[in-house]
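Reader: I would like to go through this model with you, one topic at a time. Shall we begin?

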Amino acid sequence: MRIALFGDIHANLEALEAVLADAAEQGCTDYVCMGDVVGYNADPVACLERVRAMDCPVVKGNHDEDASGSHSLESMNPVAAAALEWTREQLSDEQRTWLRRLRMVRQVEDFTVVHSTLDQPAHWNYVTNRFDAMSNFSYQFTQVCFHGHTHVPRVYVKTDKVQEVPAESVVVEDGSKYFINVGSVGQPRDGDWRACYAIYDLDHRLIVFRRVEYDIETTQRKIEEAKLPSMLAARLADGR
Ligand code: ZN
């Protein structure tokens with residue numbers, strides 16, 4: 001069984017379609033979404049409906065929460081807030097309800113899925129080093145946990161200590177725990193513009209990262225046409 005783990009789509013339909021096509025080509029039969037389906041880019045409705053139609057496990061991201069609420073976005077960075085205000089206007093009440101009802105944590109097969117961290121899933125903590133990862137591991141009761149949120153693929157392994165290892169293929173070994181950031185489909189921030197996701201091959205206990213090219217010009221054009229902040233289009237090309 002091969003499962004595609006994808007998230008931080010952020011309303012980038014071209015990247016989402018490219019990832020799903022690649023996953024199907026790679027023999028994935030199951031899909032799990034790390035959240036942040038919407039926010040930043042210009043296709044929130046299409047991305048939400050595409051993910052919803054897949055009827056796969058989805059956890060809630062902070063942008064899903066902010067886009068589905070009516071609270072003030074003043075404390076956010078102004079570019080993200082502008083995109084979220086716009087996103088709120090695009091979504092129907094019924095679509096906002098779907099986002100609002102997403103769960104924070106899911107268990108799928110023998111692994112756990114969360115958008116940010118298991119220790120405080122609603123606090124949206126960012127994991128950028130092994131010390132951040134340690135807090136998560138205290139609450140991780142499955143051998144493998146997948147997450148997103150930073151838009152940077154990362155792998156933390158806990159044996160007698162917690163280490164970060166390169167985000168390349170990972171063999172799941174007995175006696176170790178794994179906390180794995182699957183990167184971002186729709187707004188990668190590791191300097192590589194290509195859409196990022198991971199495949200977990202349960203039979204071989206192997207996790208691989210995939211990078212997929214997509215029609216970035218179309219995504220950028222839609223951002224300009226929607227009159228979203230133009231830096232959102234520029235950053236896609238930089239992978240930042
Ligand atoms: Zn995100």
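Reader: Is glutamate 164 buried, exposed or partly exposed?

Author: This is a predicted model. In it, glutamate 164 is partly exposed, with a relative accessible area of 41%.

Reader: Where is glutamate 164 found, and what does glutamate 164 touch?

Author: Glutamate 164 is found in strand S7. Leaving out residues up to four places away in sequence, glutamate 164 touches Arg154, Val155 and Tyr156. Tyrosine 178 is 14 residues from glutamate 164 in sequence, and their C-alpha atoms are 9.9 Å apart.

Reader: Which strands form an open sheet with S7?

Author: The sheet has 6 strands in the order S3-S4-S5-S9-S6-S7, with mixed pairing. Its edge strands are S3 (105-108) and S7 (162-165), each of which pairs on one side only. From one strand to the next, the twist averages 20°.

Reader: How many bridges join S6 to S7?

Author: There are 4 bridges between S6 (residues 154-158) and S7, and the two strands run antiparallel. Valine 157 stands opposite glutamine 163 in S7.

Reader: What is the strand order in the sheet that holds S1?

Author: That open sheet is made of 5 strands in the order S2-S1-S10-S11-S8, again with mixed pairing. S2 (30-33) and S8 (170-171) are the edge strands, each pairing on one side only. H1 packs on the sheet and touches S1, S2, S10 and S11 (206-212), its direction making about 25° with that of S10.

Reader: How many bridges join S1 to S10, and how many join S10 to S11?

Author: S1 (residues 2-6) and S10 (residues 195-201) run antiparallel and are joined by 4 bridges; leucine 5 stands opposite alanine 198 in S10. S10 and S11 also run antiparallel, with 7 bridges, and arginine 210 in S11 is the bridge partner of tyrosine 197. The hairpin of S10 and S11 has 4 residues between the strands, and arginine 205 takes a positive phi near 50° there. S8 and S11 pair in the antiparallel sense over 2 bridges, with valine 171 opposite leucine 206 in S11.

Reader: What does phenylalanine 6 touch?

Author: Beyond residues up to four places away in sequence, the contacts of phenylalanine 6 include Leu16, Val19 and Leu20, as well as Val51, Met54 and Tyr197.

Reader: And H7: which of its residues are buried?

Author: The buried residues of helix H7 (residues 216-225) are Ile216, Thr218, Thr219, Gln220 and Ile223. They pack against H1 and helix H8 (231-238). Just after H7, lysine 227 takes a positive phi of about 60°.

Reader: How many disulfides does the structure hold?

Author: The structure holds 0 disulfides. For cysteine 28, the closest cysteine sulfur is that of cysteine 56, 12 Å away, which is too far for a bond. Cysteine 47 is in no disulfide either, and the nearest cysteine sulfur, in cysteine 33, is 9.9 Å away. Cysteine 28 is buried at 8% relative accessible area, and cysteine 47 is buried at 0%.

Reader: How many salt bridges are found in the whole structure?

Author: A search finds 15 salt bridges. In one of them, the side chains of arginine 2 and aspartate 201 meet at 3.3 Å, N to O. Arginine 2 lies in strand S1 and aspartate 201 in strand S10, so the pair ties together parts that are 199 residues apart in sequence. Arginine 2 is partly exposed, at 23%, whereas aspartate 201 is buried, at 9%.

Reader: Where do aspartate 93 and arginine 96 lie?

Author: Both lie in helix H5 (residues 93-100), 3 residues apart, about one turn of the helix. Aspartate 93 is exposed, at 55%, and arginine 96 is buried, at 17%.

Reader: Finally, which residues are linked in a network of salt bridges?

Author: Asp190, Asp192, Arg194 and Arg211 form that network. Between arginine 211 and aspartate 192, the closest N and O atoms are 3.8 Å apart.

Notes:
Residues are numbered from 1 along each chain as its sequence is written. This is a predicted model: local features need pLDDT of at least 70, side-chain atom pairs count only at pLDDT 80 or more; totals for chains, interfaces and linings use all residues. Side-chain values use heavy atoms; hydrogens and water are left out. Contact means heavy atoms within 4.5 Å. Two strands pair if DSSP finds at least two bridges between them. Axes are lines fitted to C-alpha atoms, for helices over the stretch in contact, and angles run from 0 to 180 degrees between N-to-C directions. A disulfide is a pair of cysteine sulfur atoms within 2.5 Å. Buried means under 20% relative accessible area, exposed over 50%, partly exposed in between (1.4 Å probe, protein chains only). A salt bridge is a side-chain nitrogen of Lys or Arg within 4 Å of a carboxyl oxygen of Asp or Glu.
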